[in-house]
Amino acid sequence: MGRTDGSRCGGKLLMDFSYIGTGYHGLAYQSDEPNTVEGHLFRALSLANVASDVLNNGYERCGRTDRDVHALHNYASFFPDPCPPNSPCSTVSPDERGVGPCYRINTFTKAINKHLPRGIRVNWVKHVPDDFSSRRNCTFRVYKYFFQLGSMDLSLIQDACRHFLGQHNFNQFCKTDNRNPKDSHGTIYSFEVERYNELLCVATICGRAFLWHQVRCMMGVLFKVGEGIIPGLKVKWLLEHPEGAKFE
């Protein structure tokens with residue numbers, strides 16, 4: 001039996017997108033600041049007739065990044081707009097979801113990218129179950145932090161970063177948002193620091209999730225270790241004493 005209610009003929013979508021954060025006011029959409037990565041994405045989704053009001057279409061992202069932070073792969077899930085009344089998809093059966101003439105998913109990536117500025121690109125779009133959440137169903141996240149070693153001792157940094165492994169209260173290693181307080185407990189699965197090339201080193205951090213500015217705060221403390229300002233065991237002490245004034 002064909003559907004005549006103008007329902008979404010393809011179900012929920014998962015979108016993989018990349019961006020160079022330089023020049024944008026962070027990833028997250030801001031009603032009073034159009035120049036964010038999501039601000040441009042939402043506009044492109046609307047102009048491409050994919051989702052005209054994505055914030056009210058179950059939109060969720062995998063992770064949030066700050067200003068000047070880049071992403072090779074970030075993910076967002078949402079429902080596309082309903083098919084127009086009396087559209088060709090009204091004759092498509094539920095067993096043919098996603099193949100109706102109003103819903104050619106293979107054209108979405110090109111259509112969305114057409115309306116995006118340089119530095120933001122959608123890599124692919126695919127179907128997911130309607131109860132899928134790009135945030136809750138994500139099992140791990142990986143961050144890479146590139147830096148110049150300068151006069152720092154790489155071996156001291158490598159030795160100290162192992163203290164972050166496992167489950168901890170990371171209250172000393174994040175920025176607190178008093179308007180939206182969050183549990184500061186988390187899990188770091190791996191933390192490796194190595195030379196990337198002759199000029200740069202890279203820290204690769206894999207965790208279940210990350211708090212606001214957590215990666216920056218962890219690296220800031222490790223830099224103090226590498227400079228010989230504090231001992232590596234200070235990292236362990238801060239993890240064991242999460243309350244009180246933030247370590248500067």
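Predicted model: local features only at pLDDT ≥ 70, side-chain atom pairs only at ≥ 80, totals over all residues.
Local features need pLDDT of at least 70 and side-chain atom pairs count only at pLDDT 80 or more, while totals for chains, interfaces and linings use all residues. Residues are numbered from 1 along each chain as its sequence is written, and side-chain values use heavy atoms, with hydrogens and water left out.

Helices (H or I, at least four residues) and strands (E, at least two) are DSSP runs, numbered from the N terminus. Two strands pair if DSSP finds at least two bridges between them. An open sheet is formed by 4 strands in the order β2-β3-β1-β4, with antiparallel pairing. Its edge strands are β2 (60-61) and β4 (120-127), each of which pairs on one side only. Strands β2 and β3 (residues 71-78) run antiparallel and are joined by 2 bridges. Arg 61 stands opposite Ala 76 in β3. Helix α1 (residues 37-47) packs on this sheet and touches β1 (13-19), β2, β3 and β4. Contact means heavy atoms within 4.5 Å. The direction of α1 makes about 130° with that of β1.

Strand β8 (residues 201-207) is mostly covered, with 7 of its 7 residues buried. Buried means under 20% relative accessible area, exposed over 50%, and partly exposed in between (1.4 Å probe, protein chains only). Cys 201, Ala 203, Ile 205 and Gly 207 point one way from β8, and Val 202, Thr 204 and Cys 206 point the other way. In a regular strand the side chains alternate between the two faces of the sheet. Strand β5 (residues 141-147) pairs with β8 in the antiparallel sense over 7 bridges. Phe 147 has Cys 201 of β8 as its bridge partner. Strand β7 (residues 185-195) also runs antiparallel to β8, and 7 bridges join them. Ile 188 stands opposite Gly 207 in β8. A hairpin is formed by β7 and β8, with 5 residues between them.

Helices α3 (residues 154-161) and α4 (residues 214-226) pack at an angle of about 135°, their axes 8 Å apart. Axes are lines fitted to C-alpha atoms, for helices over the stretch in contact, and angles run from 0 to 180 degrees between N-to-C directions. From α3 the contact takes in Leu 156, Ile 157, Ala 160 and Cys 161, and from α4 Leu 222, Val 225 and Gly 226.

His 163 lies in the loop between α3 and β6 (166-169). His 163 is buried, with a relative accessible area of 12%. Residues up to four places away in sequence not counted, His 163 touches His 168, Gly 232, Leu 233, Val 235, Lys 236 and Leu 239.
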